[in-house]
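Q: Hi! Could you walk me through the pockets and cavities in this one?
A: Happy to, let's bring it up.

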Amino acid sequence: MLKIPPVLVAGSLPTALAPMQDVTDLSFMRLLAEFGLPDYFFTEYFRVHDHSILEPHILASVIQHDTGRPVFAQMIGEDLFHLKRTAVALQDYPIAGIDLNMGCPAPKVYRKNVGGGLLRDPDKVRQIFATLRDCIKGRFTVKMRIGFEDDRHYEEILNLVNEYRIDNLSIHGRTVKQMYRGAVDYERIGKAVRMVNCPVFANGNITSAEKAEAVLTETGCYGAMVGRSAIRNPWIFRQIREHSTGQAVFIPTLSDVRGYIESLWQINANPDLPEHNRLNRMKKLLNFVGQGVDPDGQFLHEMRRAREPALFFAICDKWLVDLERADLPFATEPYAGVVARPNHE
């Protein structure tokens, strides 16, 4: 097995940005570099099928990547020939490794027996692992869940992780059917740590530096993979690094959050994107940010109803700058009961 690249700061808790489709593109990776880099990036998944290509907008997050941190390229698919074809093609680019998606819980994905759908079929997983292990000369990594509707195949697949010398394993501690609901099963993640011979990243509801430390203490994992909480709080990787090395942890204010929102608006500028689509994308992202603004969810309530940018930003200014709120701390953890609607991670 190949060691994963060294972390940014020696002695800190290793972190990774979870791949999130339609979120973790090059612009978002660059934005995180301004607020606090993770140790490792994973791309959105490259779709693999009969007529698939390496999608240019995802490939850009590899070939134009300039944060200085390693990038793993993720694939999703089940056709052995085309998985091999895609893996061979990806190795012509500056990637840290190739990651197989075995966790996506979207019904339109798992119904095609890809992503989380593969967890129903250990024999197919074995075939895919064998094919990719044979053609990937560098790191071969996997991101998975603990099962499809239960953990009946969990141990069998973990044994395959060892048999095919997977170099790194990231586990979201829910089943596919749970999607993003219910408690994360950190006990099952800990079981994987004890069973497999590679580093394991814990994923799922890692919402703060303190939560990351608690999860790694409970599971024995190598590192923390963060998805939705990195949209809500782009400082989280910096905070985890500071907390794990005994430094003072940066606590952003609501004014800092207003600056982050402005940065999100700028990276979503696209002359081909109608203004209302740009605004809808912002509201999708702010569903997460709003979990840390006020405990009653009033910011989210008002923001979701904005129909044009001027009103949207007036609402942001009201809740983040005006009303003598600018110097208030942004909540370390999401406020209880303030729910983000979109599903990611």
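A: Let's start with the second largest cavity: its lining splits into 3 nonpolar and 3 polar residues, with no charged ones. Keep in mind that this is a predicted model.

Q: Which residues line the second largest cavity?
A: Its lining is made up of N233, Q239, P252, F330, A331 and T332. The volume of this second largest cavity is about 30 Å³.

Q: How many cavities of 30 Å³ or more turn up in the whole structure?
A: The search finds 2 of them.

Q: What about the largest cavity, how much space lies in it?
A: About 40 Å³. Around that space sit I4, Y40, F42, F72, T141, N168 and F201.

Q: And how do the residues of that lining divide by class?
A: For the largest cavity, 5 are nonpolar and 2 are polar, while no charged residue takes part.

Q: Switching to pockets: what volume does the largest pocket have?
A: It comes to about 820 Å³.

Q: Which elements give two or more residues to its lining?
A: These are the strands β2 (40-47), β3 (71-76), β4 (97-102) and β5 (140-147), plus the helix α4 (107-110). The largest share, 3 residues, comes from α4.

Q: How many residues line the largest pocket, and which lie nearest its centre?
A: There are 34 lining residues, and Y45, I76, C104, A106 and V109 are the ones nearest the centre.

Methods
Residues numbered from 1 in each chain as written. Predicted model: local features only at pLDDT ≥ 70, side-chain atom pairs only at ≥ 80, totals over all residues. Heavy atoms only, no water. 1 Å grid on protein atoms, 1.4 Å probe; cavity = no way out; pocket = protein on both sides within 12 Å on 5 of 7 lines; lining within 4 Å. Points joined across faces, edges and corners; volume = space filled by probe spheres on them. Helix = DSSP H or I, 4+ residues; strand = E, 2+ residues; numbered from the N terminus. Nonpolar A, V, L, I, M, F, W, Y, C, P; charged D, E, K, R; others polar.
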